[in-house]
Amino acid sequence: SAAIGVMRYSPDSNILAVGMQNSKIILCDAKKSYAAQGCLRSHKGPVTHIDWASNGRHLRSVGADNMLCYFDINKSNLSRSKANIYPRLFRNTFWKTQTCIFSYNVSGLHEPSGDESIDPDDTQEFKEKTDVRVPVLTLDVARNSKFIAAGDDE
């Protein structure tokens, strides 16, 4: 059994996404005594941040591997939820929470190493070309999306 890194309820509070230190995200059905009903895998390290889309059909996460991952959630059968490898589909998605330290709306927090432009759609390129001088460890975006609060370890 692995330690829990982060937990986040779906917008309707029926699903609890549990980010684990062993790189998995466990989907628990809150209506069925929080029984584990699905498991998402994409990270290569502990899951540190989770956000739900406002419609509850998608989830995004960031892990200690600095990868931003997207998932399609099958609400009627959580075990059929899966990774989505097309991040461009989420560019205009409205998110109920905005705590992921890498995403379209917070990409300006991270300074690129050099004059190269970074395509947030390419998470591997984003990871390789991003030099975070002061690591952003936590953040939240105000509901009106006009303010971002970011915290680091200094």
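This briefing covers the sheet, the hairpins and the nonpolar cores of the structure above. The model is predicted: local features require pLDDT of at least 70 and side-chain atom pairs count only at pLDDT 80 or more, whereas totals for chains, interfaces and linings use all residues. Residues are numbered from 1 along each chain as its sequence is written, and side-chain values use heavy atoms, with hydrogens and water left out.

**Four-stranded sheet**

- Four strands form an open sheet in the order β1-β2-β3-β4, with antiparallel pairing; strands are DSSP runs (E, at least two residues) numbered from the N terminus, and two of them pair if DSSP finds at least two bridges between them.
- The edge strands, each pairing on one side only, are β1 (4-9) and β4 (35-41).
- On average, neighbouring strands of this sheet are turned by 25° against each other, direction ignored; the axes are lines fitted to C-alpha atoms, and angles run from 0 to 180 degrees between N-to-C directions.
- Six bridges join β3 (residues 24-29) to β4 in the antiparallel sense, and I26 stands opposite C39 in β4.

- β5 and β6 pair in the antiparallel sense over five bridges, and L59 in β6 is the bridge partner of W52.
- The hairpin of β5 and β6 has five residues between the strands, and G56 in the turn has a positive phi of about 75°.
- β6 and β7 also pair in the antiparallel sense over five bridges, with S61 opposite C69 in β7.
- Four residues lie between β6 and β7 in their hairpin, where N66 in the turn has a positive phi of about 60°.
- Strand β6 (residues 58-63) is mostly covered, five of its six residues being buried; buried means under 20% relative accessible area (1.4 Å probe, protein chains only).

**Nonpolar cores**

- The largest nonpolar core has 15 residues, and those with the most contacts inside it are I25, L27, L59 and I73; such a core is a set of buried Ala, Val, Leu, Ile, Met, Phe, Trp, Tyr and Cys residues joined through side-chain atoms within 4.5 Å.
- The elements giving two or more residues to this core are β2 (15-20), β3, β5 (47-52) and β7 (68-72), and β5 gives the most, with three residues.
- Leaving aside its neighbours within four places in sequence, I73 is in contact with residues including I15, L27, L40, W52, L59 and L78; contact means heavy atoms within 4.5 Å.
- A second, separate core of 11 residues includes A53, F90, I101 and F102.

Methods
Buried < 20%, exposed > 50% of the residue type's maximum accessible area, 1.4 Å probe, protein only.
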